[in-house]
Amino acid sequence: MSETVDNKAATVLGTIGTVLWCIQLIPQIIVNYRKKNCEGLPPLMMFLWAASGVPFGVYFIVKKSNLPVQVQPHIFMLFATITWVQCLYYPPVQWARKRLIIIVSAVCILFASIEIALVFPLRIVYNNGTEWPTTFIGAIAAVLLAVGLIPPYFEIKQHHGEVVGINFFFLAMDSGGAIFSIFSLIAQGGKMDIMGIVLYIIVVSMELGIFGCQIVWVLTHRDVIKERKRLKALEKEAQLKTEETALGEDEKGVLESNATQKKDETVETTIENRPTNSSSEA
C-alpha cells in the first residue's frame, strides 16, 4: 500500500516537474522573437542543454524511472533546440537561413541516432545487473548541464555583473521543474536514484547563482537603473511627439488634398456650364 502511495506521489511530482519544463523556455522564446535579438543568451548554452537531453533521456529510460521523468528530457531538448536556433538566427550571430537549416537538421538527426543506439544495448546490460555504463551516461548528462550553465557567467562578466538576454520567468520555471523532479525521484521508493538527483541539483545551484548575480547588480547599480528609466521615458516621449507630428502632417495633407479636389470640381462644373449658357442666349 505504502509503495503504491509512493509511486502515485512520485508520478504527481514528476508530472508537475515535466509541465514546468514543458513551458519553461516559452517565455525566453517569446522574448527572443519579440526583440529579434539574443544578445546575452549564449548559443553554446542552449546547444549543450539540447545535447544533454540525449544522455539525460537514455539514463532515465534505461533506469525505468516514472514516465513523466522519462518524457521530460525530450521536451527539454526540443525547447532548448528551438532557443538554440533563435540564438543562431537573430543578432548578434545571424547565420544565413540555408546554413542554419542544414546544420540544425544534421544535429537533430545525430541526437536521435545516438539515443536510439544507446538505449537498447544499455537496457540489456542494466537488466543483467551491470549499472556502471548507465551511471556513466548519467554523469555525461550532468557534465553537459553544468558546462551549459557556465557560458552565461562569461556573458554576465562582460556586462559587468548584469544578466542580459536571459528571461527570469524561464529561469524560475526551470529551477522549479528541477526541484519537483528531485522530490519525484526521492518519493518513487526503492533504491534512491542519486545520480538523477545530482543532475537536478546541479541545474538549481547554477541557476540560483545567475539569480544571485542579478540581485547583487541591482542592489549596487540603482543609479544606472534610474538613469535608464529616465532615458526610456524621454525616448518614449520623443516617439509620441514624432507620431503626433506625423499624424498632424498627414491630416494637413488630407485637408489640402480635399481642398484641391473641391477646387478642381468647381472648375470642371464651371467649364461644363459655359456652353449651356451660350446656347440659351442664342
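Predicted model: local features only at pLDDT ≥ 70, side-chain atom pairs only at ≥ 80, totals over all residues.

Modeller: Residues are numbered from 1 along each chain as its sequence is written, and side-chain values use heavy atoms, leaving out hydrogens and water.

Colleague: How many helices and strands does the chain have?

Modeller: Helices (H or I, at least four residues) and strands (E, at least two) are DSSP runs, numbered from the N terminus. Here the chain has 10 helices and 0 strands.

Colleague: Which residues of helix α7 are buried?

Modeller: Buried means under 20% relative accessible area and exposed over 50%, with partly exposed in between (1.4 Å probe, protein chains only). In α7, which runs over residues 151-158, the buried residues are P151, P152 and I156. They cover an arc of only 145 degrees around the axis, so they sit on the same side of α7; the arc is that of the directions from the helix axis to the C-beta atoms. On the other side of α7, the residues F154, K157 and Q158 are exposed.

Colleague: What covers the buried residues of α7?

Modeller: Contact means heavy atoms within 4.5 Å, and the cover includes α3 (43-62), α6 (132-148) and α9 (194-220). After α7 comes H160, whose phi is positive, near 60 degrees.

Colleague: How much of the whole chain is buried?

Modeller: Of the 282 residues in the chain, 37% are buried.
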